[in-house]
Amino acid sequence: FQGIFVLGLPYALLHSGYGGLFLIILSAALCCYTGKILIACLYEEDEDGQLMRVRDTYEDIANACCNMLSPKLGGIVVNVTQVMELIMTCILYLVVSGNLLSHSFPYVPVTEKTWSIIAFVTLLPCVFIKTLKIVSKLSQLCSLVHFIIILVVMTYCLTQIHQWSWAKFRLSIVFEDFLVSVGVIIFSYTSQIFLPTLEGNMKNPGEFRCMLNWTHFFACVLKTTFALTAFLTWGEETKEVITDNLPSFLQTLVNLGLLTKALLSYPLPFFAATEIVDACISRGNHSNYRSPLFSLGLRGSFLLLTLLMAMFIPHFALLMGLTGSVTGAAMTFLLPSLFHLKLKWKKLSFLEKCADISVFILGFLCSLAGIVCSIKGLLEVFG
């Protein structure tokens with residue numbers, strides 16, 4: 001929840017004003033709700049009315065919903081969406097790495113794209129990662145670095161409290177900019193991909209709903225506090241990556257910390273994406289392609305793809321908004337509500353049906369509008 005993309009939230013507030021604060025809270029509530037209904041789709045009642053876990057993954061839920069059309073259609077759609085989101089996350093890590101390096105060493109005559117390539121070189125060992133054991137250790141270090149960075153940024157913002165003014169918040173907003181902010185905020189909450197596995201590995205799955213309530217509550221509080229303090233500190237000067245606003249004596253130190261975090265974060269989505277593709281190929285009975293050399297080539301190809309995309313779209317907030325609008329909205333709002341309606345229709349109350357339909361419509365509208373506005377923003381940047 002508290003990943004590196006939290007750094008884009010103050011910029012989202014710049015373009016959404018008070019509406020952005022409301023969106024951070026609303027997104028937490030909606031994401032918590034869709035997480036619960038997604039897990040509900042893993043269970044069915046037996047003859048005695050007891051809930052039994054009959055599905056294990058997001059893919060299993062999708063296949064169950066699309067069984068009448070095609071036994072594997074739903075799983076294919078979910079897998080493609082998951083891989084898109086994971087790869088886009090990897091691209092964002094490369095983009096932000098180039099941005100951080102260029103601002104940390106402004107006197108070095110190297111472009112931001114070149115810095116991204118340098119960061120990419122340090123990630124080449126990722127092609128040799130075969131298990132989650134290494135990834136988990138890197139993620140643990142990543143979390144530690146993250147909280148230190150957030151603490152430093154917020155401490156500095158609190159020293160500038162005498163400059164704060166609520167007048168910096170917009171009462172009127174530009175609709176298109178607001179919709180891009182929607183994508184940024186949604187993307188900062190996405191976790192549905194991992195929830196079925198998480199719930200299945202809990203010592204007491206019965207506590208899942210309580211866990212989800214508390215984690216979303218604290219994530220909402222932390223995101224709101226961080227975004228608010230940073231925006232009140234810099235107002236209209238708030239930049240896409242908030243650390244760019246820090247004074248030079250802090251900026252280099254914090255940026256190097258963020259660079260470390262970005263590079264440590266990269267292996268998890270990269271590993272997850274390649275594992276999904278590898279598993280799909282394995283289920284397809286393509287045994288000739290399961291050689292170690294093929295797996296190495298697959299990971300190498302994915303690694304290169306993320307670099308090429310980072311070269312063509314080096315705009316952190318716009319890319320994050322587009323990702324949140326396309327894959328984030330689909331995995332977080334559209335598919336969970338649709339699957340819940342399909343699998344549980346006969347057992348849902350009228351209010352539950354209305355809630356699911358409302359979430360689906362809201363997710364669809366946000367996704368559609370966010371896609372259009374993010375793409376328009378990217379075209380203007382390249383224009």
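A crossing of two helices is called right-handed if the near helix is turned clockwise from the far one by less than a right angle, and left-handed if the turn is anticlockwise. The views below are taken from a predicted model.

**View A. Helix α2 passes helix α3 in a right-handed crossing.** The contact brings together Y58, E59, A62 and N63 of α2 with L73, G74, G75, V78 and N79 of α3. Sorted by class, the residues of this contact comprise 4 nonpolar, 4 polar and 1 charged. The axes of α2, which spans residues 58-65, and of α3, which spans residues 73-104, come within 6 Å and cross at roughly 140°. The two helices are therefore oblique to each other, since an angle has to be over 145 degrees to count as roughly antiparallel.

**View B. Helix α3 packs against helix α4, residues 112-122, at an angle of about 115°.** The axes of α3 and α4 lie 7 Å apart, and the crossing of this pair is right-handed. On the α3 side the contact involves L94, V95, S97, G98, N99, L101 and S102, which meet E112, W115, S116, A119 and F120 in α4. The residues of this contact fall into 6 nonpolar, 5 polar and 1 charged.

**View C. Helix α4 packs against helix α11, residues 292-312, with the two axes 10 Å apart.** The angle between α4 and α11 is about 165°, which makes α4 roughly antiparallel to α11. The crossing of α4 and α11 is right-handed. From α4 the contact takes K113, S116, I117 and F120, and from α11 it takes L303, L304, L307 and M311. By class, the contact of α4 with α11 holds 6 nonpolar residues, together with 1 polar and 1 charged. Two of the α4 residues shown here, S116 and F120, are also listed in the contact with α3.

View D. Two or more lining residues come from each of the elements α1 (9-40), β1 (43-45), α8 (208-234) and α12 (316-344). Among the contributors to this lining, α1 gives the most, with 5 residues. Divided by class, the lining of the second largest pocket has 9 nonpolar, 2 polar and 7 charged residues.

Note on methods:
Residues numbered from 1 in each chain as written. Predicted model: local features only at pLDDT ≥ 70, side-chain atom pairs only at ≥ 80, totals over all residues. Heavy atoms only, no water. Axes fitted to C-alpha atoms, helices over the stretch in contact; angles between N-to-C directions. Helix = DSSP H or I, 4+ residues; strand = E, 2+ residues; numbered from the N terminus. Parallel < 35°, antiparallel > 145°, perpendicular 65-115°, else oblique. Contact = heavy atoms within 4.5 Å. Nonpolar A, V, L, I, M, F, W, Y, C, P; charged D, E, K, R; others polar.
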